[in-house]
Amino acid sequence: MKKFSKGIITGVIGTLAATAAGVFAVKKTIIDPELKKEEFINENRRKAARKRVSH
């Protein structure tokens, strides 16, 4: 019974670690680039607005 308990605990910890790694990977590959692109677009809009007003 002792080995079974250790196996269950190890399995739960492994599953949690794999889930956390998956969430981190999705954040790095999908979410962060979208936020950077959105910020880049907003920055270009601000620059264009300043140029439009100054000329």
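Colleague: Which side chain meets Asp-32 in a salt bridge?

Modeller: The side chain of Lys-27 does, at 3.2 Å from N to O. A salt bridge here is a side-chain nitrogen of Lys or Arg within 4 Å of a carboxyl oxygen of Asp or Glu. Keep in mind that this is a predicted model: local features need pLDDT of at least 70, side-chain atom pairs count only at pLDDT 80 or more, and totals for chains, interfaces and linings use all residues. Residues are numbered from 1 along each chain as its sequence is written, and side-chain values use heavy atoms, with hydrogens and water left out.

Colleague: Is Asp-32 buried or exposed?

Modeller: Asp-32 counts as buried, at 18% relative accessibility. Lys-27 is partly exposed, at 41%. Buried means under 20% relative accessible area, exposed means over 50%, and partly exposed is in between (1.4 Å probe, protein chains only).

Colleague: How many salt bridges does the structure hold?

Modeller: Three. Arg-46 forms one with Glu-39, and their closest N and O atoms are 3.2 Å apart. Lys-47 forms one with Glu-43, at 3.6 Å.

Colleague: Where do Lys-47 and Glu-43 lie?

Modeller: Both are in helix α1, four residues apart, which is about one turn of the helix. Helices (H or I, at least four residues) and strands (E, at least two) are DSSP runs, numbered from the N terminus. Lys-47 is partly exposed at 39%, and Glu-43 is partly exposed at 33%.

Colleague: New topic. How many helices and strands are in the protein?

Modeller: One helix and zero strands. The radius of gyration is 23 Å, well over the 10 Å that the globule rule gives for 55 residues, so the protein is more spread out than a compact globule. That radius is taken over C-alpha atoms, and the rule is 2.2 Å times the number of residues to the power 0.38. The C-alpha trace spans about 80 × 10 × 5 Å along its principal axes.

Colleague: Which residues make the nonpolar surface patch?

Modeller: Met-1, Phe-4, Ile-8, Val-12 and Leu-16 make a patch of about 590 Å². Patch residues have over 30% relative accessible area and no salt bridge; like charges are joined within 9 Å, nonpolar side chains (Val, Leu, Ile, Met, Phe, Trp, Tyr) within 5 Å. Areas come from the Shrake-Rupley method with a 1.4 Å probe; for residues, only the protein chains shown count as cover. Phe-4 sits in helix α1 (residues 2-54) and is exposed, at 54%.
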